[in-house]
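Q: I am new to reading protein models and would like a close look at a single part. Could you walk me through it slowly?

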Amino acid sequence: MTGPDRIVPLYSSSSGNSTLIKSRGTYILVDCGMSCKMMTKALVACGVYPEDVSAIFLTHRHSDHINGVPVFSRKYHTPIYGTRATLAVLDGLASPVTEIEENDIVQLENGPEVRAFPTPHDVNGSVCYRIINHDSGNSIAVMTDLGRMNDGMKGFARACDVILLESNYDPYMLEHGEYPWPLKKRISGGHGHISNPESAEVAEFFINNGTKKFILGHLSPHNNTPDIARQTFTTSLADRGFVEGIDYEVKIAKKDMPSEGYVL
Ligand SMILES: [Zn+2]
Ligand SMILES: [Zn+2]
């Protein structure tokens, strides 16, 4: 397989997450959080057969990231990578399974290098990923379920060409919405998800370090909207002197269908 590197969010929300990445001629999935049927539908819509996926890298064991894994594995035997805590909840796999550490670097044969990095999310073994094509120098990061952004994660994704960045909730909508208080606290308490303003704030760091392409993802269907996420991001960055279309581009990952990603 040849052709340019690309990233396409297939599904992105608390109902299910999966991102398709082509790097160095190799297709990989980060997470497989929808049913095998839905995963297949999204892949085919992107012109990719499930059999063409060389590896699935799992971020963590929450169901919205792993739901489709067992059936997909039994059907397509795709190699699966995840930390011990993530793999521990997966039964009935029919794939080669590779356990990784939270800071591992995996070199796929004839493919990209995939680096993991721990996130302070509220289950053990949660990681984000950076996918590096050493031929072109392109680098793509998938950064969701972050808890709270820290310097380690900033350094990890620094200077990536594209970052799929969590922008989970609007603080006002979360505070005034109907979620019970413990759930509100879980989401915003530093081990759940990062908010629209937090996402915009960290984007300033990434832009200053060379990233120009962003996809906002894992939007809450209850406490966020694509318009509010985009508006908060662009307004906040404009306040910091960054102009959309000149200093950076931003797209929003759709909840239940493949989104327009980027071709590098
Ligand atoms: Zn999630
Ligand atoms: Zn999660």
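Is L108 buried, exposed or partly exposed, and how many other C-beta atoms lie within 10 Å of L108?

A: Happy to take a look with you! Keep in mind that this is a predicted model. L108 is partly exposed, because 18 other C-beta atoms lie within 10 Å of its own, while a residue needs 20 or more to count as buried.

Where does this residue sit? L108 is found in the loop between strand 7 and strand 8. Leaving aside residues up to four places away in sequence, L108 touches T26, S54, A55 and V114. For a sense of distance, take E260, which lies 152 residues from L108 along the chain: the C-alpha atoms of the two are separated by 26 Å.

Now let us follow the strands on either side of that loop. They belong to an open sheet of seven strands, with mixed pairing and the order 7-8-9-10-11-12-13. Strand 7 (105–107) and strand 13 (249–252) are the edge strands, each pairing on one side only. On average, and ignoring direction, neighbouring strands of this sheet are turned by 20° against each other. Strand 8 (residues 113–118) pairs with strand 9 (residues 127–132) in the antiparallel sense, over six bridges. V114, one of the residues that L108 touches, has I131 in strand 9 as its bridge partner.

Helix 8 (residues 196–208) touches strand 11 (162–166) and strand 12 (213–217), and its direction makes about 160° with that of strand 11. Helix 9 (residues 226–239) touches strand 12 and strand 13, with its direction at about 160° to that of strand 13.

Buried residues of helix 8 include S199, V202 and F206. The buried residues of this helix pack against helix 5 (151–157), strand 11, strand 12 and helix 9. After helix 8 comes G210, whose phi is positive, near 110°.

What about the core? The largest nonpolar core has 62 residues, and those with the most contacts inside it are Y129, A141, M143, I163 and L216. Strand 9 gives the largest share of this core, five residues. Among the contacts of L216 are S199, A229, F233 and V250.

D31 lies in the loop between strand 3 (26–30) and helix 1 (36–45), and it counts as buried because it has 29 C-beta neighbours inside 10 Å. H77, in the loop between helix 3 (69–76) and strand 5 (80–83), is partly exposed, with 13 other C-beta atoms within 10 Å. Neither is a glycine, but phi is positive in both: about 70° for D31 and about 60° for H77.

Finally, step back to the whole protein. It has nine helices and 14 strands. Its radius of gyration is 17 Å, close to the 18 Å that the globule rule gives for 264 residues, so the protein is as compact as a globular protein of that length. Buried residues make up 48% of the 264 residues.

Technical notes: Residues are numbered from 1 along each chain as its sequence is written. Chains are lettered from A and ligands numbered from 1 in the order in which they are written. This is a predicted model: local features need pLDDT of at least 70, side-chain atom pairs count only at pLDDT 80 or more; totals for chains, interfaces and linings use all residues. Two strands pair if DSSP finds at least two bridges between them. Helices (H or I, at least four residues) and strands (E, at least two) are DSSP runs, numbered from the N terminus. Axes are lines fitted to C-alpha atoms, for helices over the stretch in contact, and angles run from 0 to 180 degrees between N-to-C directions. Two residues are in contact if their C-beta atoms, placed from the backbone, lie within 7 Å. A nonpolar core is a set of buried Ala, Val, Leu, Ile, Met, Phe, Trp, Tyr and Cys residues joined through C-beta atoms within 7 Å. A residue is buried if 20 or more other C-beta atoms lie within 10 Å of its own, exposed if 12 or fewer, and partly exposed in between; C-beta atoms are placed from the backbone. The radius of gyration is taken over C-alpha atoms; the globule rule is 2.2 Å times the number of residues to the power 0.38.
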